[in-house]
Amino acid sequence: MHVIAISNRKGGTGKTTVAVNLAAELAARGFRVLLIDLDSQGHCAVGLGIQVDATTPAVHHLFVDPLLKLREIIRKTSIDNLDLAPADLKFDHGQGQRNDQRLKDALEREELHAHYDMVVIDTPPSLDALLMNALMAADRVLVPYVPHHLSFEGVRQLVRALFPVMTRHNRRLKILGFLPTMAAEYVRQHRAVTGEVSKEFGARRVLPPIRSDIRLAEAMAAGQPLRYYAPKSRAAEDFQRLTVEVLQRLASG
């Protein structure tokens, strides 16, 4: 079972859009996928057309209830092979006990590797216990970024935060790649920033971009992954290409 954390220290980089659409693409290829929403905005449920209210068991409850099982939180979606552990929209990031291993322990103790081939985790932009739980549970981290200066700074901050995790706490964790989102090749700044990412972290680590496409916002509002809402759109093509590349990188180790 591969566990992929989708992360950037800066908000607004398309983390949830990437998490929902990558999970849907993997599920469409026959992989059994669990999407975990650690971002308390709860937009993964929105992107999958799932209603969440105050009575809905949420993944954030793991951090305040040591007896709660992850299995009790997981919900089926309308998409074959895709399940969701939704977020608690009212979760206070200061709640609960600090336990950076809670999510990892839940995945292992409940033997969810027998039920899922892939776990995709949408992370909050804050550097707190929730992000650390994602990084401790994951074996890969995928970093979406909008090709402008502030987002690039978020990438740098995340990589600095990743270094001690990868070298001391979770040596299984590797960077899957850096993903340009809302990309436009004709915009000089976009080309320049992606060039800087390639220069600083290596060109091979830059994934095929997700181009700007109004269909992405429309699909999220409609509660459907892009492959079902607008399968012939350019961003849908980009997510298909991204998924192929992700699977190749996972297979190569």
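Which residues does leucine 38 touch, not counting residues up to four places away in sequence?

1. In this predicted model, leucine 38 touches Val59, His60, Phe63, Leu103, Ile121, Asp122, Thr123, Pro124, Leu130 and Ala134, with residues up to four places away in sequence left out of the list. Leu38 also belongs to the largest nonpolar core, which has 45 residues. Within that core, Ile36, Leu38, Leu70, Leu103, Ile121 and Phe178 touch the most other members. Helix H4 (residues 129–137) supplies the largest share of this core, namely seven residues.

2. As general background, nonpolar side chains in soluble globular proteins tend to be buried together.

3. Helix H9 (residues 234–252) contains aspartate 238. This aspartate counts as buried because its relative accessibility is 0%, and the cut-off for burial is under 20%. Beyond residues up to four places away in sequence, aspartate 238 touches Pro209, Ile210 and Arg211.

4. Between the C-alpha atoms of threonine 243 and histidine 113 the separation is 20 Å, and the two residues are 130 residues apart along the chain.

5. Backbone geometry deserves a separate remark. Most residues other than glycine have a negative phi. Asparagine 81, which is not a glycine, has a positive phi of about 75°. Asparagine 81 is placed in the loop between strand E3 (75–76) and strand E4 (82–85). With a relative accessibility of 35%, asparagine 81 counts as partly exposed.

6. Glutamate 111 also has a positive phi, near 50°, and is a residue other than glycine. The loop that holds glutamate 111 runs between helix H3 (102–109) and strand E5 (118–122). Because its relative accessible area is 49%, glutamate 111 is partly exposed; the term exposed is kept for values over 50%.

Key:
Residues numbered from 1 in each chain as written. Predicted model: local features only at pLDDT ≥ 70, side-chain atom pairs only at ≥ 80, totals over all residues. Heavy atoms only, no water. Helix = DSSP H or I, 4+ residues; strand = E, 2+ residues; numbered from the N terminus. Buried < 20%, exposed > 50% of the residue type's maximum accessible area, 1.4 Å probe, protein only. Contact = heavy atoms within 4.5 Å. Core = buried A, V, L, I, M, F, W, Y, C linked by side-chain atoms within 4.5 Å.
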